[in-house]
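The exercises below concern the chain shown here. Each task is followed by a solution in steps.

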Amino acid sequence: MLNHKVRAEPDREAGNGRESARVGSESPILEADRVSLRFGGVRALTEVSFAVRRGEIFSIIGPNGAGKTSMVNCVSGRYRPTEGRIRFEGRDVTRLRPNRRAGLGIGRTFQNLALFGHMTVLDNIMVGRHHLLRSGFARGMLYWLGGAQREEIAHRREVEEIIDFLEIEHVRKAVAGQLSYGLRKRVELARAVALRPKLILLDEPMAGMNLEEKEDMARYIVDLNEEWGMTVLMIEHDMGVVMDISHRVMVLDFGRKIAEGSPDSVLADEHVKRAYLGEADAAVPAPEEAVA
Ligand SMILES: Nc1ncnc2c1ncn2[C@@H]1O[C@H](COP(=O)(O)OP(=O)(O)OP(=O)(O)O)[C@@H](O)[C@H]1O
Ligand SMILES: [Mg+2]
């Protein structure tokens with residue numbers, strides 16, 4: 001559980017107060033429609049449907065092996081569902097490759113860090129920007145006309161803004177692989193943010209962090225959501241964080257959706273409590289604790 005609430009608004013009338021935040025009423029930014037995924041005999045996902053509204057922080061929780069990462073991989077394009085469809089901004093992206101989805105505005109971080117360990121922090125973030133730069137030929141022509149230089153300057157300015165925001169200025173020249181785990185997670189977030197995604201997929205952004213690092217990370221995620229306008233789809237095991245910053249939560253168990261709704265309603269759900277039995281008892285805090 002976090003020591004401090006990371007949200008700015010003190011409003012508590014509806015559970016964690018997030019329900020009253022600015023969430024678009026228009027069609028969902030992301031829809032999963034009866035998504036199933038099998039690996040040979042393993043059913044990683046069975047007919048999972050959900051929708052993420054534009055502007056919200058939507059969390060997926062569930063015991064180990066429940067299918068959370070598989071679901072996010074179906075959204076990013078790393079896995080293709082065996083059945084079902086994924087729609088992003090109304091467009092069917094089920095068959096699109098990951099880089100095409102990234103181009104449409106779906107960014108991500110990984111459960112296990114995927115930084116270029118030998119490269120500097122700055123270069124790692126630049127990689128995230130890469131697809132936003134124009135093609136080689138167009139760049140060549142534009143360079144002639146002075147446009148590429150302008151583009152490069154704007155590009156660097158944006159990267160600096162992200163470095164500033166995530167407070168990694170002091171390590172910008174450091175080799176990524178030599179940083180502490182918490183810092184590496186932050187650099188990975190910076191790289192995902194550099195793509196300026198409309199929807200950002202975060203797979204256990206706080207895993208392995210100490211309390212202070214978790215609080216920082218939670219604050220960055222809320223700021224990305226509230227100030228940068230990013231919709232967030234997050235997998236996280238830390239219930240304190242999930243309950244504190246999510247607008248809505250979906251619970252997976254054995255590849256099936258067993259609950260969805262506000263953090264409070266999900267915590268109070270008997271089915272959810274049962275799914276967590278056998279997990280560490282502290283994994284699901286009592287409802288009164290969660291909203292304290
Ligand atoms: N590439 C794969 N090949 C075979 N089986 C897989 C693959 N990826 C996932 N699985 C299986 O699918 C199921 C769901 O795994 P997944 O990684 O999605 O769970 P998870 O909810 O993210 O778990 P965790 O909390 O441990 O990260 C598991 O039984 C897992 O072994
Ligand atoms: Mg996982």
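**Exercise 1. Overall make-up**

Task: State what percentage of the chain's residues count as buried, and how many helices and strands the chain has.

Solution. The model is a predicted one. Of its 292 residues, 39% count as buried. The secondary structure comprises 11 helices and 10 strands. Turning to contacts between residues at least 6 apart in sequence, 69% of them join residues that are at least 24 apart.

**Exercise 2. Helix α6**

Task: Compare the span of α6 with its expected value, and determine how many of its residues are buried.

Solution. Step one: α6 covers residues 181–194, which is 14 residues. Step two: the expected span is 1.5 Å times one less than the number of residues. For α6 that expectation is 20 Å, and the distance from first to last C-alpha, 20 Å, is close to it. Step three: burial requires 20 or more other C-beta atoms within 10 Å. In α6, 11 of the 14 residues are buried, and the helix is mostly covered. Step four: the buried set includes Arg184, Lys185, Arg186, Glu188 and Arg191, as well as Val187, Leu189 and Ala190. It also takes in Ala192, Val193 and Ala194. Step five: just after the helix, Arg196 has a positive phi of about 50°.

**Exercise 3. The shell around ligand 1**

Task: Which residues come nearest to ligand 1, which elements give two or more residues to its shell, and how does the shell divide by residue type?

Solution. There are 12 residues around ligand 1, and Phe39, Ala44, Lys68, Thr69 and Ser70 come nearest. Two or more residues are given by β2 (42–52) and by α1 (68–76). The largest share, three residues, is that of α1. By type, the shell divides into seven polar residues, four nonpolar and one charged.

Methods. Residues are numbered from 1 along each chain as its sequence is written. Chains are lettered from A and ligands numbered from 1 in the order in which they are written. This is a predicted model: local features need pLDDT of at least 70, side-chain atom pairs count only at pLDDT 80 or more; totals for chains, interfaces and linings use all residues. A residue is near a molecule or strand if its C-beta atom, placed from the backbone, lies within 6 Å of it. Helices (H or I, at least four residues) and strands (E, at least two) are DSSP runs, numbered from the N terminus. Ala, Val, Leu, Ile, Met, Phe, Trp, Tyr, Cys and Pro count as nonpolar, Asp, Glu, Lys and Arg as charged, and the others, Gly among them, as polar. A residue is buried if 20 or more other C-beta atoms lie within 10 Å of its own, exposed if 12 or fewer, and partly exposed in between; C-beta atoms are placed from the backbone. Two residues are in contact if their C-beta atoms, placed from the backbone, lie within 7 Å.
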